[in-house]
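I opened my notebook to look up a few places in this chain.

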Amino acid sequence: MPLKIVRQDITKMEVDAIVNAANESLLGGGGVDGAIHRAAGEGLVAECRTLGGCKTGKAKLTGAYNLTAKYVIHTVGPIYNDGKHGEKALLESCYRESLALAKEKGCESVAFPLISSGAYGYPKDLALKVAIDMIGEFLLENEMTVYIVIFDKKSYKISEKLFFDIVEYIDDNYVEAYTDRSINRCRLNTGASARSRSLEEKFDSFIECMSIATEDDLKAKIEQLDESFSQMLLRKIDEKGMTDTECYKKANIDRKLFSKIRSDVHYRPSKPTAIAFAIALELSIYETEDMLRKAGYALSRSNKFDIIIEYFISKGNYNIYEINEALFAFDQSLLGA
Ligand code: AR6
């Protein structure tokens, strides 16, 4: 999974490079900077002394000494004032510059703390959004596994509005029985638009709609009865006019896993992986359920994870990173590999 959000101490991450939220002196400080310097040992500060500091929004690379990573990338985030002093552009630049350095060194994996979100006061939900947007943008063009490392859950915040919208959606739907969607659809199609018609006409129209739906469903079902998950995935990619790369990137799935699914007609993905593809393909809730069935899963109203997925699909929001932000906030598994 190319972008992962994990709860961890960044000094423990087994990656090629870890990013340090440093200050312009590059000579160490508190927070994550202090933790990295302590874990790396004296060699790190000695190398940092040779660098002549670093400007806000820029990044510099050193060895990682006693850390398991190969490199430390030091970047200096902006001090948050009121958001009107170019803070966002500077923070974006921190991610861009750090990722460019990691790429230049051939890193396959990089871990970021939430830069500027501690001592430098950047609001955590906004800092997280910048991180996700910038890493997401980079991953569209590059193959790398990038972690956002959240030290403690308190420092993780999605926007309040999104949080409360989801809570409300879960409240409204958690215990509600699963209604028969095709019947509801027919009710909608035959009800409002047919207000002036007689009851009998409405009934006929309802029955007609049901039988068309059933006939269509049946035909399609027979045709696709033997279709496996991977065949359905490839068919949908074609139907949507997407390339394979566009699809697996949008699904936050790495290329290796996608190739495996592509070449093994009977591949059975995990549920988060299957959903990740449904999201990448921007499938409706019906199509999503169909695709999940191929892999032996279903969406349930008694499962928080499923309701959150349904919430995003119902809003037409297919941004996998935003969905993962929300899933993380609600302690659920994330989408992707
Ligand atoms: N692993 C991962 N994340 C951590 C860790 C850790 N071990 N420790 C803290 N964080 P901050 P800034 C999180 O203050 O806001 C330093 O003194 C923390 O919860 O470390 O960019 C520098 O020298 C927060 O979400 O960095 C600068 O002077 C995030 O890391 C100044 O602070 C960033 O918090 C930089 O401030």
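Entry 1: I looked up Ser228 and found it buried, with a relative accessible area of 12%. Buried means under 20% relative accessible area, exposed over 50%, and partly exposed in between, using a 1.4 Å probe and protein chains only. I note that this is a predicted model, where local features need pLDDT of at least 70, side-chain atom pairs count only at pLDDT 80 or more, and totals for chains, interfaces and linings use all residues. Residues are numbered from 1 along each chain as its sequence is written, and side-chain values use heavy atoms, with hydrogens and water left out.

Where does Ser228 lie? I found Ser228 in the loop between helix 7 (199-223) and helix 8 (229-239). Helices (H or I, at least four residues) and strands (E, at least two) are DSSP runs, numbered from the N terminus.

Next I checked what Ser228 touches. Leaving out residues up to four places away in sequence, Ser228 touches Val265 and Lys294; contact means heavy atoms within 4.5 Å. The Ser228 side chain reaches the backbone oxygen of Val265 at 2.7 Å.

**Entry 2: a helix pair.** I moved on to helix 8 and helix 10 (residues 255-263). Their axes come within 8 Å and cross at roughly 110 degrees. Axes are lines fitted to C-alpha atoms, for helices over the stretch in contact, and angles run from 0 to 180 degrees between N-to-C directions. That makes helix 8 roughly perpendicular to helix 10, a label for angles of 65 to 115 degrees.

Which residues of helix 8 and helix 10 make the contact? I listed Phe229, Ser230, Leu233, Leu234 and Ile237 from helix 8, and Phe258, Ile261 and Arg262 from helix 10.

**Entry 3: helix 13.** I looked at helix 13 (residues 304-314) and found it mostly covered, with 9 of its 11 residues buried. Among the buried ones are Phe305, Asp306 and Glu310. At the start of helix 13, a side-chain oxygen of Asn303 reaches to within 2.9 Å of the backbone nitrogen of Phe305. Just after helix 13, Gly316 takes a positive phi of about 65 degrees.

**Entry 4: the whole chain.** I counted 14 helices and 6 strands. Of the 337 residues, 47% count as buried. The chain averages a pLDDT of 86, and 83% of the residues score at least 70; pLDDT is the predictor's confidence in each residue, from 0 to 100. Over residues 176-197 the pLDDT is below 50. Where pLDDT is low, the predicted coordinates should not be read in detail.

Note on methods. Polar contact = N/O pair within 3.5 Å; in protein donor to acceptor, adjacent residues only side chain to side chain. Parallel < 35°, antiparallel > 145°, perpendicular 65-115°, else oblique.
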